[in-house]
Protein chains: 2
Amino acid sequence: MRIGELAARADTTTRTLRYYESRGLLPARRDELGHRAYDEHDLRALQQIRTLRDFGFELEETRPFVECLRAGHPEGDSCPASLAVYRRKLDELDALIGELAAVRDKVAGQLTRAERARDELAAEALVPGGPEPVCELGGRDL
Amino acid sequence: MRIGELAARADTTTRTLRYYESRGLLPARRDELGHRAYDEHDLRALQQIRTLRDFGFELEETRPFVECLRAGHPEGDSCPASLAVYRRKLDELDALIGELAAVRDKVAGQLTRAERARDELAAEALVPGGPEPVCELGGRDL
DNA sequence: TCTTGCCTTGACGTCGGCGTCAACCCGTAC
DNA sequence: GTACGGGTTGACGCCGACGTCAAGGCAAGA
């Protein structure tokens with residue numbers, strides 16, 4: 001099949017396929033017209049790449065999987081190098097999720113503190129003889 | 001104070017300050033030599049920006065906080081627009097953490113499945129008269 | 001014959017947040 | 001004088017994974 005059909009079957013674009021080829025990830029044979037020619041194995045490799053990219057893998061990280069498939073193995077993750085990428089990615093994900101959770105808690109704490117400060121100001125404003133309201137930015141009811 | 005001192009006190013670079021100015025986030029007065037002149041309020045705003053950036057906020061998302069400070073409020077998050085950014089960021093973080101956790105689980109599942117497949121192949125290889133080993137990529141002991 | 005549709009290569013644009021030159025000015029210390 | 005340590009503007013580089021445009025080739029259908 002040619003590049004347009006492969007792109008359509010993998011739900012991606014011809015530009016993407018040319019890019020992968022330029023990275024040496026998905027080389028293509030050529031037909032007599034100079035057009036790229038692909039087969040089912042290429043579709044398989046491409047689907048592997050796309051799946052991993054959907055998981056957030058960088059393009060380079062998909063290379064061991066593609067090479068594993070090209071070596072004739074039944075799955076892209078049938079080779080130890082692919083498993084190593086899985087494990088590294090798991091560690092990265094755990095670290096990232098931990099950091100994001102910490103940031104989340106900090107932001108939540110900041111929000112709580114800021115809301116409390118706002119409410120205290122509003123309460124003071126209700127005291128007879130209390131200070132004048134000072135906020136001119138965007139209203140106070142958000 | 002001048003740009004070098006401000007950058008040092010906020011543990012950043014002069015390039016960063018000029019960039020913030022170009023974005024309209026941290027405008028600077030000029031002294032008689034044309035050099036940027038900053039005061040303690042600018043340092044305060046800059047620290048606010050840097051703190052939020054450390055939390056993963058985009059530069060544009062820090063703008064309400066800086067404007068709040070410039071309006072004379074005690075904290076960058078004393079204004080409703082800043083609280084709105086906090087809330088939006090919390091939602092984004094929750095969504096992102098959820099997605100990452102889902103991906104993590106999928107990757108973990110893939111790893112488990114691939115390891116099991118590998119072990120089953122290894123077990124078959126031990127059966128007398130079983131198939132020959134086939135993996136040529138990177139050794140089998142990882 | 002002309003259009004349409006698919007293909008080719010090459011090259012520049014995008015996004016954010018700066019880093020890193022280059023070429024220049026200015027005041028101060030030696 | 002001159003070297004040094006600030007400052008100034010302008011402009012290009014970087015990262016990844018493509019998007020998008022330009023200019024052209026080749027084949028089939030009306």
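The model is predicted, with local features needing pLDDT of at least 70 and side-chain atom pairs counting only at pLDDT 80 or more, while totals for chains, interfaces and linings use all residues. Residues are numbered from 1 along each chain as its sequence is written, and chains are lettered from A and ligands numbered from 1 in the order in which they are written.

Next, select α3 (residues 40-54) and α4 (residues 63-70) of chain B, which pack at about 160° with axes 9 Å apart. Helices are DSSP runs (H or I, at least four residues), numbered from the N terminus. Axes are lines fitted to C-alpha atoms over the stretch in contact, and angles run from 0 to 180 degrees between N-to-C directions. α3(B) and α4(B) are therefore roughly antiparallel (over 145 degrees). Show the contact residues (C-beta atoms, placed from the backbone, within 7 Å): among them are Ile49(B) and Leu52(B) of α3(B) and Phe65(B) and Leu69(B) of α4(B).

Finally, superpose chain B on chain A: a turn of 180° and a shift of 0.0 Å along the axis give an RMSD of 0.1 Å (least squares on C-alpha atoms of residues with pLDDT of at least 70 in both). The two copies are thus related as by a two-fold rotation axis. Centre on Ile97(B), whose C-alpha comes closest to that axis of the residues of chain B, at 3.0 Å.

Conventions
Helices (H or I, at least four residues) and strands (E, at least two) are DSSP runs, numbered from the N terminus. Angles under 35 degrees count as roughly parallel, over 145 as roughly antiparallel, 65 to 115 as roughly perpendicular and the rest as oblique. Two residues are in contact if their C-beta atoms, placed from the backbone, lie within 7 Å.
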